[in-house]
Amino acid sequence: MPVPVPRQRAIPAVESGQAPAAPSGGGPSMDEGPRTPDTTTTARPQVTTPDTTASSTPAPNIPSTPPLTLLLIEDDPGGTTVVPELRDAADRPIRVRSARNLTEAARLLTDDVHCILLDLALPARGRTDPDADRTDKAADPQEPGDSGKPDELGVLRNVLELAPRHAVLALTASDDAERGAEAVRVGAQDYLFRDELDARLLSRAIRYAVERKRSDTAERRLAEGRVRAQENRRLERGLLPTPLLDGSPLRFAARYRPGRSRALLGGDFYDVVRTPDGTVHAMIGDVCGHGPDEAALGVELRIAWRALTLAGLCGDELLGTLQQVLEHERSDDEIFATLCAVDIAPDGRRAGLCLAGHPSPLIARPGRPARLLPFDNNGPALGLLPGARWPRTQVELGAEWSLMLYTDGLIEGRTGAGLERLGQDGMVEMVRRQLAEGLTGEALLRAAVNEVRDLNGGELTDDVAVLLLDRTP
């Protein structure tokens, strides 16, 4: 379709009040990748592009930004289209590329293109032959719910799908304002009338469209960030629940610190419940990997553990059932989970310990140095060996004690600039010293996690979950 140079001033939507105006000033670059030199050639040498000579009097106080590039997509069989000379806010020429259909547009749509000027009269899906079979359903998209009516904005939908990161200006006839407004509703940044263009207003509309697209992109990313934060909170409530210890004399404390390697929580989880017979059951586990899938699997395993525990299962029977849950719910056969489960007798003096590839808990008692509970009967991690068994080890706790369960994030941090890790022995020595300083409960866990982080020289790459159960006479 020809686009003649106008003889009168145009009134684009950004000035007529039909679309919101963006702040004035130079439009920002929409580039998100490396620059591609502007070496474009077109199939129509008749198209006139702007003079590439910069103005001798540059605008003052304009930030140094790359010049804008416009991609014009319109069908001009006669080859007489003339694009007026366009200039950006710094009075630099706006570069223009031309394409007759979407196939050419896809080839010319490099990262340095900022805005697309689309003629809505162009046939959808790259059709340029006016004599083409109008019954070709693949070439004439239909409106949803109406199989017999062509989609008048089909070409715009094609362009938005082809260039989701680019600003788009729709070009329509002056007597078809309704179609232009509908184009903005579908996704264009603004619309212009084909026979009412001039260089100044078109240049301004391009800058506004680029700025509006940039603002829309920032707003969308902000909304996505809010959704991720909500997901994090939901996952955290599932992974780190409130313990069920009503009626128990034991004191409970817990601390969780996410690693720096991802935005979402990892697969660390824990839980503590008291069954009607007075037994206190505690568990801590870790699904390998990080991300929403691993966190969701951790939530499922924790909920399954609580339900099975309250139903009366314990030890090997409980862990075998958890392995079945993991095998059915994991997204990949390579995913496994480590777990430490402790059941403390109603009198608080004895406990049963089951380890599934997980570090052994630490016990501290008055007058004795803190040490690890026995780990000789450590079974395999859940999900590694079908039909595996997990022996239950009986341990004596005594009348007064503190029992600390933790994930491997607490022991795998570095202890300096080298490759040496803290390890279980280093953790035991650290906790012994902190206990000697009089730290207990939340204060002990906070000091332990903070010191591990400091020894690592910064945030840990893995999550750290620690829980502490205390019994005093």
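Gln424 is located in helix α8 of a model that is predicted. With a relative accessible area of 25%, Gln424 is partly exposed, because this class lies between the limits of under 20% for buried and over 50% for exposed residues. When neighbours within four places in sequence are set aside, the contacts of Gln424 are with Pro359, Ser360, Leu372, Tyr406 and Ile411. A separation of 63 residues in sequence lies between Gln424 and Pro361, whereas their C-alpha atoms are 10.0 Å apart in space.

The packing of helix α8 was examined next. Helix α8 spans residues 423–436 and packs with helix α9, residues 441–456, at an angle of about 135°, the two axes being 10 Å apart. The crossing of the two helices, α8 and α9, is right-handed. On the side of α8, the residues that take part in the contact are Met430, Arg433, Gln434 and Leu435, and they meet Leu444, Ala447, Ala448, Glu451 and Val452 of α9. Sorted by class, the contact between α8 and α9 comprises 6 nonpolar, 2 charged and 1 polar residues.

The largest nonpolar core contains 26 residues, of which Val342, Ile344, Trp401, Leu405 and Leu467 touch the most other members. Two or more residues are given to this core by each of the strands β8 (251–257), β9 (266–274), β10 (280–290), β11 (337–344), β12 (350–356), β16 (401–406) and β17 (464–471). Another core, of 24 residues, lies apart from the largest one, and its members include Leu108, Val168, Ala188 and Tyr191.

The protein chain as a whole was also described. Its secondary structure comprises 9 helices and 17 strands. Of its 473 residues, 48% count as buried. Among the contacts in the protein chain with a separation of 6 or more, 72% are between residues 24 or more positions apart.

Notes. Residues numbered from 1 in each chain as written. Predicted model: local features only at pLDDT ≥ 70, side-chain atom pairs only at ≥ 80, totals over all residues. Heavy atoms only, no water. Axes fitted to C-alpha atoms, helices over the stretch in contact; angles between N-to-C directions. Helix = DSSP H or I, 4+ residues; strand = E, 2+ residues; numbered from the N terminus. Left-handed = near helix turned anticlockwise from the far one by under 90°. Contact = heavy atoms within 4.5 Å. Nonpolar A, V, L, I, M, F, W, Y, C, P; charged D, E, K, R; others polar. Core = buried A, V, L, I, M, F, W, Y, C linked by side-chain atoms within 4.5 Å. Buried < 20%, exposed > 50% of the residue type's maximum accessible area, 1.4 Å probe, protein only.
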